[in-house]
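Have a look first, then we'll talk.

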Amino acid sequence: MEFSSKAFKEGKCQGQKIVHGEIMPLVLQPPEPNKGDLESLLFALKENKDWFEQMIINNSAVLLRGYNVEKAEDFNEIIEIFGWEEIHYVGPAPRTHVYKRVLTANEGPLSEFIYYHHEMVLIKECPNKVIFFCEIPPPEGGETPFVPSFRVTERMLEEFPEAVEKIEEKGIKYTFTAPSKNDTSSMRGRGWENTFGTSDCAEAERRANALGMDLEWLPNGAVQATLGSRSLTKVFDGRKGRRMWFNTVVGMHGKEHSLAMMADGTELPEHVVKRCEEIIEEESIQFKWEKGDVLFFDNMALLHARRPSLPPRRVLVAITK
């Protein structure tokens, strides 16, 4: 399906790339100067829902720019137009519920780089879409770069075919530690009570098991979670048979509160992980946030990250099926 809607005008943004013939991100703007109000945007989305969702699949990233989207309530209205089912966030990022389906993005220190990842990649039911809204753009830095996941797989197979297939065959096991309460001094500081929605250890274990995690309680009240075995890559329907780099090996391997290894306990080759980190950065796409931007990601197809920034920066998020 080519770009053909009269409800939007195709635009450009800094950092935009064409990857295998696909524009990333596809920038959609008001078709006329007087069509940038929220009501006009909501009407255009409602009348073109199927087309818009196909654009997300086709281009992996769609950026709405130039519209009068000012606050969380406006953002929520945009999300609810589509009727996508909401998914409860499970992960290490400290976040705050803002309004209905809207959360803060990772509240960890703005000075820290949040590494590339598919949202909730380790959870059995992860979101199909991640949608961001820029309420306050940072004065410097703070980009949300993203990477076409299939390109990472392609390049890793070119450079390390035997290692990739060996890791794929054995699977990957991850462990991470979560404190009891939220710690916003860390980008991985979300407490297990907030993650599982309970302060009862037995109930937390039940909910963790349902998500594919095993928990071990630590003397300080924290918990160590183990997830395994997970695949290295995945192929999803409707994505041209592309093999996505659907893991968080680089983000968790050898970090302070996490570990990634082969499911049988074998260490991952350090040079392979290091080169993968370089490839992901080489394939990254990034642009400068503008106030009112709404960015739709196909979470099955893209890894995303966050650059360090100067304050203030306020980006909100919604995750859906």
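What follows is a short chat about helix pairs, a sheet and a record entry.

Q: What should I know before I start?
A: This is a predicted model, where local features need pLDDT of at least 70 and side-chain atom pairs count only at pLDDT 80 or more, while totals for chains, interfaces and linings use all residues. Residues are numbered from 1 along each chain as its sequence is written, and side-chain values use heavy atoms, leaving out hydrogens and water.

Q: How is a pair of packed helices described?
A: The general idea is that two packed helices are described by the angle between their axes and the distance between the axes. Axes are lines fitted to C-alpha atoms, for helices over the stretch in contact, and angles run from 0 to 180 degrees between N-to-C directions. Helices (H or I, at least four residues) and strands (E, at least two) are DSSP runs, numbered from the N terminus. Here, α1 (residues 38-47) and α3 (residues 72-82) pack with axes 9 Å apart, at an angle of about 15°. Angles under 35 degrees count as roughly parallel, over 145 as roughly antiparallel, 65 to 115 as roughly perpendicular and the rest as oblique, so α1 and α3 are roughly parallel to each other.

Q: Which residues of α1 and α3 meet?
A: Contact means heavy atoms within 4.5 Å. On the α1 side you'll find Leu-38, Leu-41, Leu-42, Leu-45 and Lys-46, and they meet Asp-74, Glu-77, Ile-78, Ile-81 and Phe-82 in α3.

Q: At what angle do α4 and α5 cross?
A: The axes of α4 (residues 149-159) and α5 (residues 161-170) cross at roughly 115° and come within 5 Å. Met-156, Leu-157, Glu-158 and Glu-159 in α4 meet Pro-161, Val-164 and Glu-165 in α5.

Q: What is the order of strands in the open sheet?
A: Two strands pair if DSSP finds at least two bridges between them. The open sheet has eight strands with mixed pairing, in the order β1-β4-β5-β17-β9-β19-β7-β6. Its edge strands, β1 (9-11) and β6 (97-99), each pair on one side only. From one strand to the next, the twist averages 30°. β1 and β4 (residues 26-29) run antiparallel, joined by three bridges, and Lys-9 has Gln-29 in β4 as its bridge partner.

Q: Which strands does helix α2 touch?
A: Helix α2 (residues 49-59) packs on the sheet and touches β4, β5 (61-64), β9 (129-136) and β17 (294-298). The direction of α2 makes about 125° with that of β5.
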